[in-house]
Amino acid sequence: MKKTFTFSGLMLLCLFFFINASFAQSVAVKGKATDAVTSESLPGVSIVIKGTTTGTQTDVNGAFSINAPSNATLVFTYIGYSPKEVAVNNQTTINVALQPESKELQQVVVIGYGTQRKRDVTGAVGSVSGDQLAKQPVQTPTQALQGQVAGVQVISSGQPNSQPELRIRGTGSVLGGVNPLYVVDGVLTDDIRNINSADIVTLDVLKDASAAIYGVRGANGVVIITTRKGKNGAPIVRYDATVGFNEISNQVKLADRAQYVAYENDANPGKITGSDQAPLTIPGTTNWYNAVLHKSLQTDHNISVSGGSDKADYFISANYLDNNGIIITNNYQRFTLRENTDVNISDKLKLSSQLSLTRGAEKPVPGGIYTDIYRAAPLIPAITPDGKYGNTSVWGNVSNPLLEIQKNDNFSLANRVQGNLALDYKPLKFITIHSAFNDDVIFDNISNYAFAFNNDAATFNTAGGNEHNIDSQLFQQQDNSYHFDWDNTITFDDRFGASHFNALAGFVEEKGKSSFINGSRIDVPPSPDERFLSLGNPTLNAVNNAGGDLFTRQSLVARVSYDYSGKYLLTGSFRRDGSSRFSQKFGNFSTIEGGWVISDEDFLKNNNTLNFLKLRASYGQLGNDNIGSSLYIVTADSNIPYYFTPTGGSPTLNEGILIQQIKDANLKWETTNQLDIGLEYAFFNSRLSGEIDYYSKRTKNALIPITIPAILGSSSPTLITNAATLSNKGLEFSVKWKDNINKDLSYNISANISYNKNLVVGLNGGQALQGGGVGSQGNITRTDNGQPVASYYVLKAIGVFQTQAEADAAPTNTFEPNKVGGLKYADINKDGKIDANDRQFEGSYQPKYFGGFNLGLNYKSFDLSANFYGNWGNKIYNGKKAFRADPSDNIEASYADSRFTSSHPSNTDPNVITQSTPASTYFLESGAYLRLNNLTVGYNLPKDLLQAAHISRLRVYVTSQNLFTAKKYSGFTPDLLNTDILSSGIELNGYPTVRTFTFGVNLQF
């Protein structure tokens, strides 16, 4: 019975397979693939039997044929089009119409040691085209990035040759900086002031853990810049130029003579009656900003030639920028020459080179000049008709700002060579071996000359005071640095049916070295041809100094990417870094990323409204070694004097060596763990598109200074160690709508907004960090647990005393006596007195929200674009208002009108602000603002008018940068550039904001 059952079962099983085989017999399928919009044939479309590696491609006419099981499914894929699956279902003819994807999804973005289509990217990457950046007349391309990419905050200054500060997804370090790593055609750098925006093709920002491919350089994000290359074809000549002028965009109005005199009678009684007489003072008002500011000319010229053949292509450009600052002596000139070439040595071997030569000459502004402009008394003349300077030092112990500018001749010259040389070898079509040597060499020369002058009647309208320079002084410095990295990678890239593999492995060697030598001498002749240290006094006040730095890195890199039918995406990367900047030399950094193109699933394929929907996520660890190279190395100080008394002898003075440093020998890099979850979408034939991201960044082992007891004998009162944990969490939203009304009219609207919450979540040891000193008020910011980095830590001002009885009844003020018209403060700890223990946290400079709003309109040959940028949810400390070095310092006109007086009582503004007035919320103001960052109107001349001159394109346009700013802050600008993290958000000595108007031309042959 058992044998019979077994035999019967076997027969039934064979019959089952036979029946299935007959139902799944092969069918010869023929058909054609076309564009769903234009109905044009598509050659090279890949057709694969789902679940197998069996497939074919369409011919030049879009036709194909394939043998497939009758119950199989065919998968059609083509670059630039959405994949499509069709069930055979015994059909012998299958024609498919593939839906084109949006250009944004097909855009190629650089992801670090490679590229990907935007639709295949699994990380959070923001991209901006070079054409978009070039619309704005700015020196540095990152300044034009304001409001363009969600999660990227750009803080800039109008000062020529200044580099904007980028904060990508919040502040992730205290000592390690906040700026990202820049990669320019493979060259790693921290400074891109040598890059001309007209040479840029794309700027890609790696915002999440995908930057881990750069290891200890990627914690603050990575900005990858790709410059232009030539194309096969006839030479193309382009000329782009702008000419315009700069002016101050928001001048703070200072008190005039009458307002100042009224204030001085309260703040400095007796001052006016004793000294208010000619020739020291004038009957009118001196506007010190008008004395040192002016409208300045700005020009920018760029010419390029590009072309190529099957064997080679080339791109050559030259750029000249002349930017005169709004300070009368301030100027910056830059010349840049760039060449990019690709040479196909054979079908398998290609040689590439990029080279940039830059020469920049700058006349910078003397330090502290802006504070002096603000403080100078308005009743002292800047300069008299006979050429004598007003003696402000006799009046109020501040330098005459005009004299300070004209008696200092500062000059710097920077020469920079940046580029790379690379070989790409393809032994097989799916394998590429890449080796590139990238170099960045800088030679800087600085010369600062201070002219000699006396405080006599030959220089000033009134002799006396303490502003003089008895001896001329020359300071000169030479800085030399080079940085190279040698990349060696092998990449495997191939498709197996519906599967696409990309794998990369490589080795990176990196080295940086810098050195400087400087010196100063007095009594150097004033002639520019005789300004040499050797011509100065060699014995009196002569100073010589030298130093340098050296660091090395070695890295192993690897990345594997896989996608199935363009629908399921997976990427993993790994980097092992070795850095000479730490005793713990090596660390591992990795990331895992995944993506799901939901819109390619069957349940959404027939949806005519939704064109694209992708869910992606990433998690990984990044590093930061952006610190000095010897912070963990204890060195001995030489030439330390000491007395030695030999037996039976007398004490003699000797010099020896002494260790006076205490350092943390176990320093290690900061590490940032970052999670990102994003959703990308496109609706209505991709007219509506955008992204939504949530991220969480946590920086561990953040480097901070901690105070150590003086009894330990260290030459420094602080010790640098890994003792903090920082957190940034946020949301990013971006949306874009574009449409064509008709053949003549099209428009686009885009916006992005970011929310970020920054906190110190683990300050080990409990030592809060102080920073942001403002004169006698001391430190303004405090970095402590549960608060954002560099939060304001001040007293809470709650009004102004209206009567003496109210002042007498208030808690005792340990800073200055309570009086009518004085500020009153909250007694936070209820101990009956106002002192430092009543300070509390009152917000920070870091905005809770920031973003941009962009408009574009094209009508026939006209185009218009507008770019808005702003932030809110932050505060600014008006340091210039709080800084009182002397009772005779000037004040702002708005304060002069609103301050408490007997005839004009005020409950918000005190009668006077003195050197004893403590830091408080009175000086805190809202940092919210909205700026029209750029407005451009252009016109393309008709082509039929240009053909006779063999011109292919001629566009003229007018543009304005920083046209207007809607703000609450009473100072110059809420956009404050400060490289010191702990002093961010304090306006004290900043360059006034600049508005630019220019006329431009784009010409192409």
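Colleague: Why is Phe451 called partly exposed?

Modeller: The model is predicted, and its relative accessibilities are computed. Phe451 comes out at 23%. Buried means under 20%, and exposed means over 50%. The value for Phe451 lies in between, so Phe451 counts as partly exposed.

Colleague: What makes Tyr449 buried?

Modeller: Tyr449 has a relative accessible area of 2%. The cut-off for buried is under 20%, so Tyr449 is buried.

Colleague: Why is the pair of Tyr449 and Phe451 called edge-to-face?

Modeller: Start with the distance. The ring centres of Tyr449 and Phe451 are 5.0 Å apart. Rings pair if their centres lie within 6.5 Å, so these two form a pair. Now the angle. The planes stand at 80°. Over 60 degrees counts as edge-to-face, so that is the name for this pair.

Colleague: What makes the pair of Phe862 and Tyr939 tilted?

Modeller: The centres of Phe862 and Tyr939 are 4.6 Å apart, with 45° between the planes. Stacked needs under 30 degrees and edge-to-face over 60, so an angle of 45° is tilted.

Colleague: How do you know that this pair links distant parts of the chain?

Modeller: Phe862 is in strand β45 (residues 862–872), and Tyr939 is in strand β48 (residues 929–940). The two residues are 77 residues apart.

Colleague: Which residues do ring pairs link into a cluster?

Modeller: The cluster holds Phe430, Phe492, Phe496, Phe501 and Tyr562.

Colleague: What is the volume of the second largest cavity, and which residues line it?

Modeller: The second largest cavity has about 70 Å³ of space. Its lining includes Tyr289, Lys880, Phe972 and Glu987. Helix α7 (residues 369–375) gives the largest share of that lining, 3 residues.

Colleague: How do the lining residues of that cavity divide by class?

Modeller: The lining of the second largest cavity has 5 nonpolar, 3 polar and 2 charged residues.

Conventions. Residues numbered from 1 in each chain as written. Predicted model: local features only at pLDDT ≥ 70, side-chain atom pairs only at ≥ 80, totals over all residues. Heavy atoms only, no water. 1 Å grid on protein atoms, 1.4 Å probe; cavity = no way out; pocket = protein on both sides within 12 Å on 5 of 7 lines; lining within 4 Å. Points joined across faces, edges and corners; volume = space filled by probe spheres on them. Helix = DSSP H or I, 4+ residues; strand = E, 2+ residues; numbered from the N terminus. Nonpolar A, V, L, I, M, F, W, Y, C, P; charged D, E, K, R; others polar. Phe/Tyr/Trp six-rings, centres within 6.5 Å; stacked < 30°, edge-to-face > 60°. Buried < 20%, exposed > 50% of the residue type's maximum accessible area, 1.4 Å probe, protein only.
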